[in-house]
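Try each task before reading on.

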Amino acid sequence: MKFFLDTADLAEIEEAASWGAIAGVTTNPTLYAKIGGKLDEFHAHIKRICDIVDGPVSAESVAMTRDEIVRDGLELAEIAPNVVVKVPTMVEGLAATKELAKHGVPVNMTLCFSVPQALLAARAGARYISPFIGRFDDISDDGLAQVENIVDAINNYDFTAHTVKGEQIEIIAASVRSANHVTQCALMGADIATVPFGVLKKMVQHPLTDAGLESFMKDWEKVQ
Ligand code: E4P
């Protein structure tokens, strides 16, 4: 399983990249707003992320019609070779994804909540599909079960005829809220988990590691 960092915060990205932990980054309009991002600095900000991370960086189109999404997507793809255009799973998004794939632009279909949505995204030519977990949990539904169904359904078929350069679709488990979400997604075979920095830090931690380290340090003092 690969890990992407789900943030637009450059300091978090630099820190996680220094751990050798992340293979990519996903951003969204909320995450960009959260760091106080400005509209006219968006492309420059994505470029900075692309310079830090040696892997796919998802930048989301906020357009609502296919033509606008395609125009947005082509502009975003110009920023750097590792830009992936994030497109919402909706009719206009599917049509735009098909067009962008024709232009050789990789698309991450986001806000995906069901197997039919994922299958349609795959047929449209998405390179990545992002089923959300936490937002299901927020409405007392089982986000992990939905992701598992999507992983199984996508892996039942070969979509390489539809993707840019015939690459395999990768499922990005998104809206990840805990280290346990990551464990469950790895067990069900999701290709990638995109995690907030807080979750990435929790993934490193274990109380037995802390206790073991403390006792090793104490015993080492005796050796001195
Ligand atoms: C995925 O690409 C999204 O940016 C993200 O995972 C959304 O997470 P949230 O539901 O915690 O906002």
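Two strands pair if DSSP finds at least two bridges between them. Keep that cut-off at hand, and remember that this is a predicted model.

**Exercise 1. Find the partners of strand β6 and state the sense of each pairing.**

Step 1: Begin with strand β5 (residues 107-112), which pairs with β6 in the parallel sense over three bridges. Within this pairing, N108 stands opposite Y128 of β6.

Step 2: Follow the chain from β5 through helix α6 (residues 115-124) to β6; this β-α-β crossover is right-handed.

Step 3: Turn to strand β7 (residues 170-173), which is joined to β6 by two bridges, again in the parallel sense. Here I129 has I171 in β7 as its bridge partner.

**Exercise 2. Decide which residues of β6 lie on each side, and whether they are buried or exposed.**

Step 1: In a regular strand, side chains alternate between the two faces of the sheet.

Step 2: In β6 (residues 128-131), Y128 and S130 are on one side, while I129 and P131 are on the other.

Step 3: All four of these residues are buried, so both faces of the strand are covered.

**Exercise 3. Describe the setting of Q146.**

Step 1: Locate Q146 in helix α8, which spans residues 143-155.

Step 2: Q146 counts as partly exposed because its relative accessibility is 21%, and buried means under 20%.

Step 3: Setting aside neighbours within four places in sequence, Q146 contacts F113, F136 and D141.

Step 4: Compare I52, 94 residues away along the chain: its C-alpha atom is 33 Å from that of Q146.

Note on methods: Residues numbered from 1 in each chain as written. Predicted model: local features only at pLDDT ≥ 70, side-chain atom pairs only at ≥ 80, totals over all residues. Heavy atoms only, no water. Helix = DSSP H or I, 4+ residues; strand = E, 2+ residues; numbered from the N terminus. Buried < 20%, exposed > 50% of the residue type's maximum accessible area, 1.4 Å probe, protein only. Contact = heavy atoms within 4.5 Å. Right-handed = clockwise from strand over helix to strand, strands pointing away.
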